[in-house]
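Here is a quick tour for anyone opening this one up for the first time. Have a look at the picture, then read on.

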Amino acid sequence: MTRRTVLVLGGVGAAALVGGGLFVWSRTQSGEPDPRTAATPSPTSTRSPPGEETGTLLEPEVLTSSGGRLGLTLTAALTDVVVAGTPVRALTYNGTLPGPTLRVRPGDRIALGFRSELDAATNLHMHGLVVSPEGSSDNPFLLIEPGDTFDYEYQLGADHSPGVFWYHPHRHGNAAEQLFRGLYGAIIVEDEEPVEATRERLLMISDIAFDGGGVHVASQFERMLGREGDIVMVNGQVGATLLAKPGERERWRIVNACSSRFLRLRLDGQRMQLLGVDAGRYAEPQDVEEIMLTPGNRADVMVTAVEGTSVLQTLPFDRGGMGMMGSPSSTTTGADLLTLTVAGTPSTAPPLVVPQPTTRDLRLEQITGQRTVTLAMGAMGAMGMGGMSFTIDGREFDHERVDTEVSHGAIEEWTIVNTSPMDHPFHLHVWPMQLVEVGGTSLADVDWRDVVPVRARSTTVVRIAFGGLLGRTVYHCHILDHEDNGMMGVIRVD
């Protein structure tokens, strides 16, 4: 048992006894980070640990940049974990689920030594970060074999948008399986001026299913639909609690780290104000009763506590089916995620002041090109017995082919057409998209995202500014089983 494992278990013991929920933690951990490159966890005084004042929800270890640099090692491995007292085996980064949270600032450089102890090829995607897609940066074409190491390096621009991002595997063919089995972690890019809040919380929501002593292996039908687990966790816990006092204002950074599950989030009885989705920031905080997050989306939410007890829920959602007679549907079930209890001496939160970065509205600028991108599914073989094909513009993914070429500096309007009977959230690496129209309805506000919803048999219109970075990367459906099955294309900006 390493010193780090002892610290993790020390925090888990009290929380598990109080919360009575399910929590996943490492029983063993192979080795400590290299002291020459290891990052330092953020000081405990800057965060609120679980306890009598905040509830039982645990958060991952936080690694914070210093002097413009964050150096760390990250090991992906099959790890013995304990789930509600039952030992099982899952995949983890650095022995914990989720992996460590990386906290950086615009202009920082991240030097990440990666080691794979997996049984299949992998790589690492820094989802949402605007960094180079080439070489040793956020390169989705890299192949890291079992037992190999690789030195990643990411340079954030000085004008990088603040917000919550995340990292996960992106090796084609293995992405859904490895994410579902536990490989994910958060990235936070700090605001230039902090948003005043009583406390900040990270909520990484994921689902998983266990079969015997390990994670459930998805069937062919589950892979075609997009696998969903019957256990929905927040930071690796089920049934966790949060405590707050009336009038306190908390900042919740929520990540949908599910392979396929859509999240319809409600917190009845409390006031929620949505600052933005993904790295986008609305002109003014929006009062909301429900937040919709497709796989890969993130939400930045201010929660003002109102006396009473509330349950954070994800509600059922119908994301369509395969359109074949007798085929299963992909209706997502609901779940209770955690319980917030608000009691004690009331306090008064100061007026909410959110720094507003300069927001570009591409609807006011001249576009230089228009494209139509078509997402489709089709039956393979007689009566569909060969399964389903998943294509973009009629072709399955081929890493050696460039599907879309764009000139640097172009501003393009893309109409994303979904001809299939199933929803497909669309993700473009490196260059954020401005939502213009969803299902025929134009948006009034400026809304920047890196994953946009495309409902079944519907269209979504976005505008994209291809400035800044050059290189070759991908766009794809963020139901990762669909990406693995071929619904991904290659784009090159030069």
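## Rings that meet

Let's start with the aromatic side chains in this predicted model. Counting rings whose centres lie within 6.5 Å, you get ten aromatic pairs. Take Phe150 and Tyr152: their ring centres sit 4.9 Å apart with the planes at 70°, so this pair is edge-to-face. Tyr152 also pairs with Tyr154, and here the centres are 5.6 Å apart and the planes at 10°, so these two rings are stacked.

Tyr152 is buried, because its 2% falls under the 20% cut-off. Tyr154 is buried too, with a relative accessibility of 0%.

Elsewhere, one aromatic cluster is made of Trp414, Phe426, Trp431, Phe466 and Tyr475. Some rings also have a charged neighbour over the face. Arg472 lies over Phe141, at 3.9 Å from the ring centre, and Arg227 lies over Phe180, at 5.9 Å from the ring centre.

## The chain as a whole

Stepping back, the protein chain has four helices and 39 strands. Of its 494 residues, 56% are buried.

The mean pLDDT of the chain is 88, and 86% of the residues reach 70 or more. Which stretch needs some care? Over residues 1-48 the pLDDT is below 50, although this stretch does have 89 contacts in the model beyond near neighbours in sequence. Where pLDDT is low, predicted coordinates should not be read in detail.

Now for some strands. In general, the strands of a sheet pair through backbone hydrogen bonds, either parallel or antiparallel.

What does β30 pair with? Its partner is β39 (residues 488-493), in the parallel sense and over three bridges. Within this pairing, Thr404 stands opposite Ile491 of β39.

## An enclosed strand

Strand β31 covers residues 411-418, and six of its eight residues are buried, so the rest of the structure largely encloses it. Trp414 of the aromatic cluster falls within the range of this strand.

β31 pairs with β28 (residues 369-379) in the parallel sense over seven bridges, with Gly369 standing opposite Glu412. β31 also pairs with β37 (residues 458-465), this time in the antiparallel sense over eight bridges. There, Ile416 has Thr460 as its bridge partner.

## One serine up close

To finish, pick out Ser116, which lies in strand β7 (residues 109-117). Is Ser116 buried or exposed? Ser116 is buried, with a relative accessible area of 0%.

What is around it? Leaving aside neighbours within four places in sequence, Ser116 is in contact with Ala76, Thr122, Ile144, Glu145, Pro146, Gly147 and Asp148.

Methods. Residues are numbered from 1 along each chain as its sequence is written. This is a predicted model: local features need pLDDT of at least 70, side-chain atom pairs count only at pLDDT 80 or more; totals for chains, interfaces and linings use all residues. Side-chain values use heavy atoms; hydrogens and water are left out. Two strands pair if DSSP finds at least two bridges between them. Helices (H or I, at least four residues) and strands (E, at least two) are DSSP runs, numbered from the N terminus. Rings of Phe, Tyr and Trp (its six-membered ring) pair if their centres lie within 6.5 Å; planes under 30 degrees apart count as stacked, over 60 as edge-to-face and the rest as tilted. Buried means under 20% relative accessible area, exposed over 50%, partly exposed in between (1.4 Å probe, protein chains only). A charge sits over a ring if NZ of Lys or CZ of Arg is within 6 Å of the ring centre and within 35 degrees of the ring normal. Contact means heavy atoms within 4.5 Å. pLDDT is the predictor's confidence in each residue, from 0 to 100.
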